[in-house]
Amino acid sequence: MSITAPAGFRAAGVAAGLKASGGRDVALVVNDGPRRTAAAVLTTNRVQAAPVVWTRQAVSDGAARAVVLNSGGANACTGPEGFADTHRTAEHVAAVLSAGASTPDDEVGAGDVLVCSTGLIGIRLDLEALLGGVDAAAGSLAADGGTDAAHAIMTTDTVAKTAVAERDGWTVGGMAKGAGMLAPGLATMLSVITTDAVVDPAVADAALRAATRTTFDRVDSDGCMSTNDTVILLASGASGVETGLEELTAAITEVTASLARQLVADAEGASHDIAVTVRNATTEDAALACARAVTRSNLFKAAVFGNDPNWGRVLAAVGTVPPEVAPFDPLTLDVSVNGVQVCRAGGVGEPRELVDLAADREVHVEVDLHAGDAEVTVWTNDLTHDYVHENSAYSS
């Protein structure tokens with residue numbers, strides 16, 4: 001049930017006509033409480049969609065009652081009119097949810113509604129269709145509606161992405177969308193995480209940021225950061241179980257790690273999932289910089305698509321990292337591909353013919369800098385003909 005696995009949540013996903021395909025395209029997630037704790041991690045792209053600007057402001061008080069998400073349009077680079085559309089959407093969600101309120105405390109304000117959009121940039125949404133979708137979603141809210149919601153946020157995704165982590169008396173659930181335009185920047189796609197643990201806003205924010213830093217921030221499909229990247233955490237407190245920062249971080253990390261791997265596995269046109277691990281760096285940041293240099297190398301990714309364990313492209317990518325960022329001696333670098341040390345001390349190692357990249361979808365590349373004891377793994381995918389075709393044809 002993903003986001004509705006924790007107690008205190010209802011969700012829905014409906015077709016509102018925003019997608020030409022006629023598929024589900026509006027999702028609504030509602031926190032029924034008793035607590036309304038919320039946190040969000042948002043794109044660091046300087047060009048930010050209207051929903052990102054709205055959500056950043058709305059979640060600043062550490063509380064939210066609902067999240068409305070749509071596919072079929074990003075509402076990015078749409079000017080003041082696009083922001084007005086986001087505002088009106090939040091107001092409409094608030095009004096619909098307040099219509100069923102039994103007490104003043106149950107009433108919802110626009111500032112209690114977080115908004116997410118995904119799809120093509122630079123085109124305004126069909127607002128009337130979206131608001132009609134909100135009405136339909138509100139009427140379909142259910143405690144088992146998480147699957148429908150996960151399908152409603154898909155764009156080029158081929159499968160819905162959900163995950164659940166169960167603990168003693170409390171649960172974390174999550175859903176995400178993303179298959180391309182995945183690059184680190186605090187978040188890498190749209191995702192909603194829910195928990196029924198009793199959590200205060202400061203702990204929720206710290207746990208979410210710690211989890212995304214080592215999971216969503218370490219998948220890098222194509223080096224292209226979106227204008228709409230958003231990860232939201234909602235905590236209902238419905239379990240009555242209080243959790244500390246370490247315990248909550250571990251559970252959220254379990255969910256986000258699963259979702260992050262699902263994103264890479266569904267990357268547009270990919271035929272290989274690639275884990276690049278950099279070992280024995282001077283610092284974590286140094287290891288991350290070297291790993292990121294490899295995962296963003298189109299030459300390396302194209303070689304993997306061709307089932308060629310071309311370790312020279314790995315060394316060339318690592319060598320682009322400035323020495324002040326990642327100190328290492330190029331003459332001591334080792335590279336292994338799927339357990340075969342194809343490069344030793346900056347030169348030829350075992351025969352590359354020992355590596356069969358066609359045998360398995362997963363590829364594990366290990367780079368040893370011999371400079372310290374820090375280690376980082378970043379996941380990416382290969383660069384295929386299908387990726388180029390899909391992104392040249394994408395228009396919805």
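User: Hello! Does α2 pass α3 in a left-handed or a right-handed crossing?

Analyst: This is a predicted model, where local features need pLDDT of at least 70, side-chain atom pairs count only at pLDDT 80 or more, and totals for chains, interfaces and linings use all residues. Residues are numbered from 1 along each chain as its sequence is written, and side-chain values use heavy atoms, leaving out hydrogens and water. Helices (H or I, at least four residues) and strands (E, at least two) are DSSP runs numbered from the N terminus. With the near helix turned clockwise from the far one by less than a right angle counting as right-handed, and anticlockwise as left-handed, the crossing of α2 and α3 is right-handed.

User: Which residues of α3 does α2 meet?

Analyst: Contact means heavy atoms within 4.5 Å. From α2, Asp85, Arg88, Thr89, His92, Val93 and Val96 take part. Their partners in α3 are Leu127, Glu128, Leu130, Leu131, Val134, Asp135 and Ala138.

User: How many residues of α7 are buried?

Analyst: Helix α7 spans residues 284-295. Buried means under 20% relative accessible area, exposed over 50%, and partly exposed in between (1.4 Å probe, protein chains only). The helix is largely enclosed by the rest of the structure, because its buried residues number 9 of the 12.

User: What is the relative accessible area of Ala12?

Analyst: Ala12 is found in strand β1, residues 9-14. Leaving aside neighbours within four places in sequence, Ala12 touches residues including Val26, Leu28, Leu141 and Ala149. Ala12 is buried, and its relative accessible area is 3%.

Conventions
The expected span of a helix is 1.5 Å times one less than its number of residues.
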